[in-house]
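My entries follow in the order I made them.

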Amino acid sequence: MANDPGMLKRLKHDLITACVIGTVIAVSIASAAIVLGHVGDTEARRLLEAIIPTSRLFCSSLLTVSATILALMLTMIGLGNNADRNLADAHYHRIIKIALYDAILFCAAAIMFVLHCVPVYESDSLPGWWYPTIYYGVLIASSLLAGGAVAIVSLLYLAVKDVVQIVALGQTDHRYAACQTDEDDASSTTDHT
């Protein structure tokens, strides 16, 4: 059942694990900007011109990855439905959460990708302090997107690992394996209809 405290605890544990991994990645990438030190207005404009194409490609890649993850999650749902062993409802609730986080990542990457289309570094009317602000903003946003992508892949890995343990390895005592009473309740419901 989705409201089983043990399953909710496992979902929370998986989410915390993925958040910690994503945060470590984001902080590691963002710390590179701190190591570089403060950049001046002219240097920030030059660095911005250098990183915008790479950052644009990164956002485009994240759009592709997040859309592919959503498509592959449908495959995992189909695998779970076609398996001889049933999966508990909590597994499917977990898939819904991962899909939600993946959709949020997709939206954030799309927004950042569109913002990259604005030729900020070619404008002469902007005050000089904007360039360091935009430069650090691009670095921080990219590190957050990278951390989010790693967190989502970590969540997906944990879900796939559990599906493999239940479907391929046949673990019947697994937390996400549907117990016999769940199967009996489902069959009695379909018999009455």
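I began with H3, where Ala90, His91, Arg94, Ile95, Ile98, Asp102, Leu105, Ala109 and Met112 are buried. Buried means under 20% relative accessible area, exposed means over 50%, and partly exposed lies in between (1.4 Å probe, protein chains only). This is a predicted model, in which local features need pLDDT of at least 70 and side-chain atom pairs count only at pLDDT 80 or more, while totals for chains, interfaces and linings use all residues. Residues are numbered from 1 along each chain as its sequence is written, and side-chain values use heavy atoms, with hydrogens and water left out.

I checked the length of H3 next. Helix H3 covers residues 89–115, which is 27 residues. From first C-alpha to last, H3 reaches 39 Å, close to the 39 Å expected at 1.5 Å a residue. The expected span is 1.5 Å times one less than the number of residues. Helices (H or I, at least four residues) and strands (E, at least two) are DSSP runs, numbered from the N terminus.

**Salt bridges**

How many salt bridges are there? I count a side-chain nitrogen of Lys or Arg within 4 Å of a carboxyl oxygen of Asp or Glu. By this rule the count comes to 3.

I took Arg94 and Asp14 to start. Their closest N and O atoms are 2.5 Å apart. The pair links distant parts of the chain, with Arg94 in helix H3 and Asp14 in helix H1, 80 residues apart. Arg94 counts as buried because its relative accessibility is 4%. Asp14 is buried too, at 3%.

Then I looked at Asp162, which forms a salt bridge with Arg94 at 2.7 Å between the closest N and O atoms. Asp162 lies in helix H4 and Arg94 in helix H3, so this pair ties together parts that are 68 residues apart in sequence. Asp162 and Arg94 are both buried. Shared partners join Asp14, Arg94 and Asp162 into one network.

Arg46 and Glu43 also meet in a salt bridge, 3.9 Å from N to O. Both lie in helix H2 (residues 41–82), 3 residues apart, about one turn of the helix. Glu43 is partly exposed, with a relative accessible area of 36%.

**Ser143**

Is Ser143 buried or exposed? Ser143 is buried, because its relative accessible area is 2%. I placed Ser143 in helix H4 (residues 130–168). A polar atom of the Ser143 side chain lies 2.7 Å from the backbone oxygen of Ile140. Leaving out residues up to four places away in sequence, Ser143 touches Ala26, Ile29 and Ala30. Contact here means heavy atoms within 4.5 Å.

**A surface patch**

Ile16, Val20 and Val24 form a nonpolar patch on the surface, with about 260 Å² of accessible area together. Patches take residues with over 30% relative accessible area and no salt bridge; like charges are joined within 9 Å, nonpolar side chains (Val, Leu, Ile, Met, Phe, Trp, Tyr) within 5 Å. I found Val20 in helix H1 (residues 5–36). Val20 counts as partly exposed, at 49% relative accessibility.

**Whole chain**

I closed with the totals. The protein chain has 5 helices and 0 strands. Of its 193 residues, 32% count as buried. The accessible surface comes to about 11300 Å², of which 68% belongs to carbon and sulfur atoms. Such areas come from the Shrake-Rupley method with a 1.4 Å probe; for residues, only the protein chains shown count as cover.

Key. Polar contact = N/O pair within 3.5 Å; in protein donor to acceptor, adjacent residues only side chain to side chain.
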